[in-house]
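Thank you all for coming.

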Amino acid sequence: MSRAFFWFISLCVFFTFSLSLVIASGYSFGIALLFLASLFFTGFVLVKKLFTSSITTISATSTAAGHINNNQDKWLFYTFLVYGLGLLGFVYIDGFNVRAFDGPSRFILALPALFMLLHCRFKLSWLFYGVAIGAVLTFVLAYYERFYLGKARANGGIVAIMFGNIAMMLGVISFVAALWAYAAKRYFVATFMIIAVICGIGASFLSGSRGGWVALPLIAAFLLWHSRDLLGKKLTLSIAVLSLVALVAIALAPKLGVGMRIAQANNNIERYMQGDSYSSVGLRFDMWKGAWYLFKYAPILGAGEYGAMALKKEQAEQGLIHPAAAKFSHAHSEYFDALGLRGLVGFLLLMAVYLIPLRLFLQKMREYPDDWNIKAYAMAGALVPMSFMDFGLTQAMFSHNSGIMMYVFPIIYFWAAVRWAQKDKLRSDN
């Protein structure tokens, strides 16, 4: 691979994160260039290996300590392939609407990029720099929208929920970037990464997207637990206490509107319990209820996106759900959406596309508990499915192009980074 191609791939990876939310479809800029490059690359390489069993040239190099197992690459490859093909199958069952092909095809079209990144080295550290710069720029945009344009919720020109959730993911991954820099004793870089943490989480708060806040304590516990040996007990405890104080202060700050959003949610729940479902939370509850009725109607393969429209209208006419809830194309929950529209089969496919990548990254964290040149990329990769599993409780992330792109490609990037970091370690050990 030429040096120019090395820098080209690195820039694509960097721009995916750094521009993800600050310009219209910013995440797609780097991804589109990377995808085009991967098509040219696979034209030269993949055809020659079409009938071989391996999908990567990062070979299973044996060492005295062990070897790299490329079966893990295959697990990730086939997970995305099966999920994409499975969803395309549901599109066919649901009436073969061409518009519905867009989402499932993204999982399949990402595979040439995975293949290329496992073959072609790129600047691994640019992953973390891209995430951190993306978090900072996102906060600047969110601040501008809230306090200069006077918007009630920052949204970056997309759905506010998507904006806030992705900003939150950038923020928590930036904490891993800070750990990576701290382990390397690059304290200035670590300081910048901590600023990025505050910016990413702050942008989420300015968006008013409550779904991303739910798992923040759990993700924080995960991060601190797995970095306790690096940070030491005193620093770990100090970070935990400062984080708790900061969250309380943010919730009490009236200008940020976080406390108001929490109070609104409580009020919506009280109204729902009294029979009034016409509110943000109330309609979401009715959408979940409607999806559950769809699941009971067609438990194996679901009612389908287009088949569900008439059924939801009937539910509203029967008074089972609010008429406004029947107008939404998805259930504002990835889990209920899968159950209602694609049944048990679709739900199992969804859990596979969450849990298999998560398991692969967690396995790498266990294999390299003290090597932060590898562990950091594995931990960052694990945060992607962890975050989306949380976001999916209250939002159908895969119903949006931004959700699919910012799930599939970060996983691909961090997995390739883990594999190259492993290869570097094997080379240095030898």
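This is a predicted model: local features need pLDDT of at least 70, side-chain atom pairs count only at pLDDT 80 or more; totals for chains, interfaces and linings use all residues.

Over the ring of which residue does the charged end of Arg146 sit? That charged end sits over the ring of Phe147, 5.4 Å from its centre, where the rule asks for NZ of Lys or CZ of Arg within 6 Å of the ring centre and within 35 degrees of the ring normal. Likewise, the charged end of Arg228 sits over the ring of Trp225, 3.7 Å from its centre.

Residues are numbered from 1 along each chain as its sequence is written, and side-chain values use heavy atoms, leaving out hydrogens and water.

The mean pLDDT of the chain (the predictor's confidence in each residue, from 0 to 100) is 89, and 93% of its residues reach 70 or more.

Turning to aromatic pairs (rings of Phe, Tyr and Trp, the last by its six-membered ring, with centres within 6.5 Å; planes under 30 degrees apart are stacked, over 60 edge-to-face, the rest tilted), the count comes to 37. Phe15 and Phe29 form an edge-to-face pair, 5.7 Å centre to centre with 65° between the planes.

As for the cysteines, a search of the whole structure finds zero disulfides, a disulfide being a pair of cysteine sulfur atoms within 2.5 Å. Cys12 is in none, and the nearest cysteine sulfur, that of Cys120, is 12 Å away.
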